[in-house]
Amino acid sequence: MPEPTSTQEQHHGYMTQKDRYLGRLRRIEGQARGIHRMVEEDTYCIDILTQISATTSALENVAMALLEDHLRHCVADAVAVGGDEAEAKLKEATAAIRRLVKS
């Protein structure tokens, strides 16, 4: 992970909701374990696919919330400062969006 720059705070935008994110991720972990169990128990494939779809959707929701937090905090702060850091944060956010859209 890159070192914080001089104008970047030592915490990330999601820190104010860290417990909420961790709770959501724990539920997603439980869903993944459930899918594993379904395969072990020879559950009907459509039921497994339904659970995979729900887990994928939950992960996408977490990703979008993290992206929004990143834009509202890290990117907005960098843009307020301006200069090279702002340009770097905008490029970083664009690359993250591009990765999410591809997935």
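Is the crossing of H1 and H2 left-handed or right-handed? In this predicted model, the two helices meet in a left-handed crossing. Helix H1 covers residues 18-40 and helix H2 covers residues 45-81, and they pack at an angle of about 160 degrees, their axes lying 10 Å apart. Because angles over 145 degrees count as roughly antiparallel, H1 is roughly antiparallel to H2. Sorted by class, the residues in the contact of H1 with H2 comprise 14 nonpolar, four polar and three charged.

We can now turn to the next pair of helices. H2 also packs with helix H3 (residues 83-102), here at an angle of about 165 degrees and with the axes 8 Å apart; H2 is therefore roughly antiparallel to H3. H2 passes H3 in a left-handed crossing. On the H2 side, the contact includes Ala63, Met64, Leu67, His70 and Leu71, while H3 contributes residues including Gly83, Glu85, Ala86, Lys89 and Leu90. By class, 14 nonpolar, two polar and three charged residues make up the contact of H2 with H3.

Key:
Residues numbered from 1 in each chain as written. Predicted model: local features only at pLDDT ≥ 70, side-chain atom pairs only at ≥ 80, totals over all residues. Heavy atoms only, no water. Axes fitted to C-alpha atoms, helices over the stretch in contact; angles between N-to-C directions. Helix = DSSP H or I, 4+ residues; strand = E, 2+ residues; numbered from the N terminus. Parallel < 35°, antiparallel > 145°, perpendicular 65-115°, else oblique. Left-handed = near helix turned anticlockwise from the far one by under 90°. Nonpolar A, V, L, I, M, F, W, Y, C, P; charged D, E, K, R; others polar. Contact = heavy atoms within 4.5 Å.
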